[in-house]
Amino acid sequence: EQLTEDGLTNTQWFNQELTDFSEAIDMARTLAESRLQTDLTKLSAGGVIDVTFDRKISFHERKTIGRAGGTDMSVSIELTGTAIVERDSEALPSIDYRAWLS
């Protein structure tokens, strides 16, 4: 802030990245991708299709006594998809669809 000749405050605004928030989003995305890869490995899947990416970000104002408050952020990222697993045609289970229709 700077005072102008008439004594008024001249405030300059500019955009600046909030690195803590950017890093939190990157960390959540990396963790979701890692968990998806772990699940694919457990299933011995060759890949995944129809992936959906859902990101939820919420901000929480924090007030403290005797200090300036702040803003906390929580990030939730969900990746879902269909795993592709190669199977022998003889190894496929038979499914009784009549149980689903009753």
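The exercises below work through a predicted model of one protein.

**Exercise 1. Fold order**

Determine how many helices and strands the protein has, and in which order they run.

*Solution.* Start with the count: there are two helices and four strands. The order is β-β-α-β-β-α.

**Exercise 2. Burial and surface**

*Solution.* Take burial first. A residue is buried under 20% relative accessible area. Now the surface.

**Exercise 3. Contact range**

Take contacts between residues at least 6 apart in sequence, and state what share joins residues at least 24 apart.

**Exercise 4. The aromatic pair**

Locate the aromatic pair, classify its geometry, and decide whether each ring residue is buried, partly exposed or exposed.

*Solution.* Step one: search the whole structure. One aromatic pair turns up. Its members are Phe21 and Phe59, with 5.8 Å centre to centre and 75° between the planes. Step two: classify. Planes over 60 degrees apart count as edge-to-face, and Phe21 and Phe59 fall in that class. Step three: place the residues. Phe21 sits in helix 1 (residues 19–42), and Phe59 in strand 3 (residues 47–62). They are 38 residues apart, so the pair links distant parts of the chain. Step four: check accessibility. Phe21 has 22% relative accessibility, so Phe21 counts as partly exposed. Phe59 has 52%, so Phe59 counts as exposed.

Note on methods:
Residues are numbered from 1 along each chain as its sequence is written. This is a predicted model: local features need pLDDT of at least 70, side-chain atom pairs count only at pLDDT 80 or more; totals for chains, interfaces and linings use all residues. Side-chain values use heavy atoms; hydrogens and water are left out. Contact means heavy atoms within 4.5 Å. Rings of Phe, Tyr and Trp (its six-membered ring) pair if their centres lie within 6.5 Å; planes under 30 degrees apart count as stacked, over 60 as edge-to-face and the rest as tilted. Buried means under 20% relative accessible area, exposed over 50%, partly exposed in between (1.4 Å probe, protein chains only).
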